[in-house]
Amino acid sequence: MKYNRTYNFSAGPATMPEEVLEEVRDEMMNYKGSGMCVMEMSHRSKVYQQIIDEAEQDLRDLMGIPDNYKVLFIQGGATLQFSMIPMNLMKNGKAVYIETGAWSKKAIAEAKKVGEVIVAASSKDKNFTYIPDCSDLDIPEDTDYVYICENETIHGVTWNKLPNTKGHVLVSDQSSMFLSKPCNVSNYGIIYGGVQKNIGPAGLAIVIIREDLIRDDLGDLPIYLQYKIHADNGSMYNTPNCWAIYVCGKVFKYLKKIGGLEEMERINIDKAKVFYDFLDQSKLFKGTVVPEARSLMNIPFVTGDPDLDAEVIAYTKKAGFENLKGHKSVGGLRASIYNAMPKDGVIALVDCLKKFEAEH
């Protein structure tokens with residue numbers, strides 16, 4: 001039975017692959033003959049151990065994660081990582097951050113509570129509408145790591161070329177672009193992301209960390225905040241977010257089935273082009289980001305008149321399109337078109353916006 005589902009352009013929690021939701025529904029009362037829902041089962045059971053092991057292996061396969069990296073499933077979303085990263089990585093008490101939008105800004109504020117933060121480049125001068133040139137940053141020799149938010153969900157900018165870290169460890173928040181395209185994990189010391197945008201239910205972050213960055217000299221740090229504890233206990237020092245990990249595992253299998261991250265990137269480029277082509281020829285709507293930094297996942301756009309923006313939100317909602325309001329901090333409009341948003345949804349939204357434009 002097909003349900004009448006809305007096109008949901010939310011920035012997160014976001015739309016999920018229907019195939020995955022249907023599978024989850026079918027297993028809801030009795031997971032593979034266990035007589036239980038995954039929500040009910042012990043995380044110490046053999047059946048759950050298999051779920052988490054398979055999820056990790058499928059993610060390793062998808063991303064080509066090298067053996068010297070640990071995959072950790074940690075609660076607290078991406079926001080907890082803003083603190084955990086400096087707490088675990090600041091040996092010399094110094095880190096370089098690149099400020100490209102709301103989420104890197106929040107990460108900077110948290111890191112400043114732990115040590116010295118050098119903002120080596122920023123796009124604040126143009127309201128975070130571009131990625132600054134990071135080919136020759138001023139990075140002190142004793143810098144512990146260089147931090148970027150690789151796709152800014154709110155401002156809709158993305159990195160197409162990684163910064164030159166001059167040999168220092170690169171840490172990347174990939175929350176809103178996770179698994180949207182192939183990724184060379186070896187370029188990074190840590191990749192992490194909250195899963196509720198592109199992968200699964202809220203309440204979980206996936207952290208991919210190079211083993212040499214996991215320290216065993218942090219005994220004074222609260223136990224849950226030590227990467228070593230999570231690594232040594234297979235992400236099960238305490239009860240993990242069993243349900244979210246289970247659903248993420250389903251999404252990993254789905255991505256493998258459709259052809260992996262190369263195919264996912266092809267779909268995402270094709271889908272985003274529909275929207276950006278519309279914005280580039282529209283007389284009423286315009287995108288807010290310079291073309292070379294445009295995100296494939298989050299597309300902020302405006303009419304230039306806040307009252308008219310509000311009209312657009314009401315008009316599209318009435319037509320069955322949800323969550324097109326821009327983030328409260330920036331206003332305007334935003335369409336988040338993550339992996340699971342079908343191209344048909346983007347085409348339908350563009351048709352609706354064309355109709356609005358014709359009427360105005």
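I began with serine 235, which I found in the loop between α5 (227-232) and α6, where helices (H or I, at least four residues) and strands (E, at least two) are DSSP runs numbered from the N terminus. The model I am reading is predicted, so that local features need pLDDT of at least 70 and side-chain atom pairs count only at pLDDT 80 or more, while totals for chains, interfaces and linings use all residues. Residues are numbered from 1 along each chain as its sequence is written, and side-chain values use heavy atoms, with hydrogens and water left out.

I looked up the backbone of serine 235 and noted a phi near 65°, a positive value in a residue other than glycine. Most residues other than glycine have a negative phi, and most peptide bonds are trans. At 4% relative accessibility, serine 235 counts as buried (buried means under 20% relative accessible area, exposed over 50%, and partly exposed in between, with a 1.4 Å probe and protein chains only).

I then turned to leucine 179, in the loop between β8 (170-173) and β9 (190-194), which has a positive phi of about 65° although it is not a glycine. Leucine 179 is buried too, with a relative accessible area of 3%.

Next I followed α6, whose 17 residues reach 25 Å from the first C-alpha to the last, close to the 24 Å expected at 1.5 Å a residue (the expected span is 1.5 Å times one less than the number of residues). Twelve of the 17 residues of α6 are buried, so this helix is largely enclosed by the rest of the structure. Among the buried ones I listed Trp243, Tyr246, Lys250 and Phe252, and what covers the buried residues of α6 includes α1 (18-27), α2, β2 (69-74), β10 (205-210) and α7. After α6 comes glycine 259, with a positive phi near 120°.

Helix α7 (residues 260-281) has 22 residues and reaches 33 Å, close to the 32 Å expected. I noted that its buried residues include Met264, Asn268, Lys271 and Phe275, and that the buried residues of α7 pack against elements including α2 (46-63), α6 (242-258), β12 (298-302) and α9 (343-359).

A cavity here is a set of points, on a 1 Å grid over the protein atoms alone, where a 1.4 Å probe fits but cannot get out, and lining residues have an atom within 4 Å of a point. About 60 Å³ of space lies in the largest cavity, and α6 gives the most to its lining, with three residues. Met264 is one of the residues that line the largest cavity, and the lining divides into six nonpolar, two polar and no charged residues. The second largest cavity holds about 40 Å³, and its lining includes Pro17, Asn198 and Ala340.

Last, I took the whole chain, which has nine helices and 14 strands, and whose C-alpha atoms fill a box of roughly 65 × 60 × 30 Å along the principal axes. I also noted that buried residues make up 54% of the 360 residues in the protein chain.

Technical notes
Contact = heavy atoms within 4.5 Å. 1 Å grid on protein atoms, 1.4 Å probe; cavity = no way out; pocket = protein on both sides within 12 Å on 5 of 7 lines; lining within 4 Å. Points joined across faces, edges and corners; volume = space filled by probe spheres on them. Nonpolar A, V, L, I, M, F, W, Y, C, P; charged D, E, K, R; others polar.
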